[in-house]
Amino acid sequence: MLTDHQVSALRSRFPILGEKTYLYNCSQGALSDAVECGMREYAASWRSSSAPWDEWVGAYEALRSEFATFINAEPDEVAIVTSASAGINPIASALSFDKRSRVVMSEYEFPTMGHIWLAQRPRGAEVQFLQGVDNRVPTESYRLAIDERTCIVPLTHVSFLNGFRSDVSAISRIAHDNGALVFLDGYQDCGTRPLDVKALDVDFFVTGTLKYLLGPPGLGFLYVRRELVERLTPTVTSWMSQRDVFAFQTQRLDLAHAARRFEGGTPPIPNIYQARPALHLLVSAGMQNVADRIERLSRVFLQGARDLEIESKTSPDTVGPLVVLRANDATALTGKLTERGIVASSRHDGVRFAFHVYNTMDDVHTALGALEDNLDLLVRG
């Protein structure tokens with residue numbers, strides 16, 4: 001466990017924490033001095049280097065290796081992309097829906113995931129959305145829906161709507177037993193606990209840096225299981241996807257033999273310079289320490305909400321990081337929180353409170369105090 005001194009030292013790296021109660025991590029992580037330093041380092045490299053691209057490509061490949069280590073993958077299984085969409089689209093474009101046409105996913109997926117697979121319908125995809133029950137999608141629903149006609153199962157690790165956690169390992173087993181692939185969306189989880197894509201046994205994994213990885217928008221990662229890399233030929237491609245990027249062979253398509261074949265155009269170099277120190281800062285806290293702290297804060301907050309008889313969309317056995325409470329006017333409640341210096345977010349009828357390693361019990365009690373003063377805007381039961 002992190003000591004109070006260690007947490008205080010970590011908090012001092014994030015200027016906004018001295019001014020606000022920051023529970024907005026599900027939308028954007030707080031800005032650290034490490035990331036600001038990365039911005040300056042990029043500017044300096046551009047200003048002073050005689051060959052900046054040599055330096056920038058080095059940073060680009062270093063980030064690939066660092067993130068691969070972070071998720072227990074190999075560097076050639078990781079593509080650096082600009083968003084989750086930019087990671088999902090080339091995979092969708094590479095799949096055939098002739099023999100296996102079905103795409104099975106829950107109604108709690110992020111819209112990006114739904115939209116991209118729905119866009120494959122003209123190519124033969126048949127998309128089935130599994131309905132939730134009490135803000136959960138039972139694993140049994142996947143067991144009943146997945147069969148030999150299923151091509152792929154897009155799966156959220158933590159739902160942005162309600163904080164629901166999927167049983168990834170169990171669903172992966174069901175999918176693989178039926179010959180289907182699994183595409184895990186870890187955007188609302190990655191950076192909150194230790195992560196091992198091999199242990200989860202997923203085929204694809206996508207995430208981005210702007211939330212719990214404490215980095216900028218405009219940068220993401222795609223993991224592709226090594227055995228699948230060269231079996232898939234995307235129709236969404238670019239010069240950076242080629243085996244020899246600097247061959248400049250306009251009339252030849254020669255895709256890389258690594259996950260880089262799924263990348264888009266020019267790498268987002270400024271974002272890479274910001275994301276690397278953010279990842280280093282996060283890892284320095286110890287990912288199990290991060291997970292333990294988030295779980296403790298989330299559980300205390302959810303218990304406090306239950307004591308106030310506020311209805312929660314998030315399961316009482318949650319380990320965080322996202323707790324979503326039901327409101328009869330989520331926009332108005334978010335405004336009330338803002339007035340008190342509490343940064344949170346809303347989706348539909350839910351107000352979202354997202355905890356990270358730098359949050360404290362004082363943050364929990366401040367948020368609960370604000371909720372108690374605005375019970376008229378919350379759904380109680």
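A: Start with a term: helices and strands are DSSP runs, numbered from the N terminus. The model here is predicted. As an example of placing a residue, Phe246 lies in the loop between helix 9 (226-229) and helix 10 (269-284).

Q: Is Phe246 buried or exposed?
A: A residue counts as exposed when its relative accessible area is over 50%. Phe246 has 54%, so it is exposed. Together with Trp239 and Phe248, Phe246 makes a nonpolar surface patch of about 370 Å².

Q: How is the packing of two helices described?
A: Two packed helices are described by the angle between their axes and the distance between those axes. Here helix 3 (residues 52-71) and helix 10 pack at about 35 degrees, with axes 10 Å apart. The crossing is left-handed. Among the residues that meet are Trp53, Trp56 and Phe67 in helix 3, and Ile269, Tyr273 and Leu279 in helix 10.

Q: How many salt bridges are in the whole structure?
A: A salt bridge needs a side-chain nitrogen of Lys or Arg within 4 Å of a carboxyl oxygen of Asp or Glu. A search of the whole structure finds 25. In one of them, the side chains of Asp363 and Arg11 meet at 3.5 Å, N to O. Asp363 is in helix 13 (residues 361-372) and Arg11 in helix 1 (residues 4-11), so this pair, 352 residues apart, links distant parts of the chain.

Q: Is Asp363 buried or exposed?
A: Buried means under 20% relative accessible area. Asp363 has 5%, so it counts as buried.

Technical notes. Residues are numbered from 1 along each chain as its sequence is written. This is a predicted model: local features need pLDDT of at least 70, side-chain atom pairs count only at pLDDT 80 or more; totals for chains, interfaces and linings use all residues. Side-chain values use heavy atoms; hydrogens and water are left out. Patches are made of residues with over 30% relative accessible area and no salt bridge: like charges are joined within 9 Å, nonpolar side chains (Val, Leu, Ile, Met, Phe, Trp, Tyr) within 5 Å. Accessible areas come from the Shrake-Rupley method with a 1.4 Å probe; for residues, only the protein chains shown count as cover. Helices (H or I, at least four residues) and strands (E, at least two) are DSSP runs, numbered from the N terminus. Buried means under 20% relative accessible area, exposed over 50%, partly exposed in between (1.4 Å probe, protein chains only). Axes are lines fitted to C-alpha atoms, for helices over the stretch in contact, and angles run from 0 to 180 degrees between N-to-C directions. A crossing is left-handed if the near helix is turned anticlockwise from the far one by less than a right angle, and right-handed if clockwise. Contact means heavy atoms within 4.5 Å.
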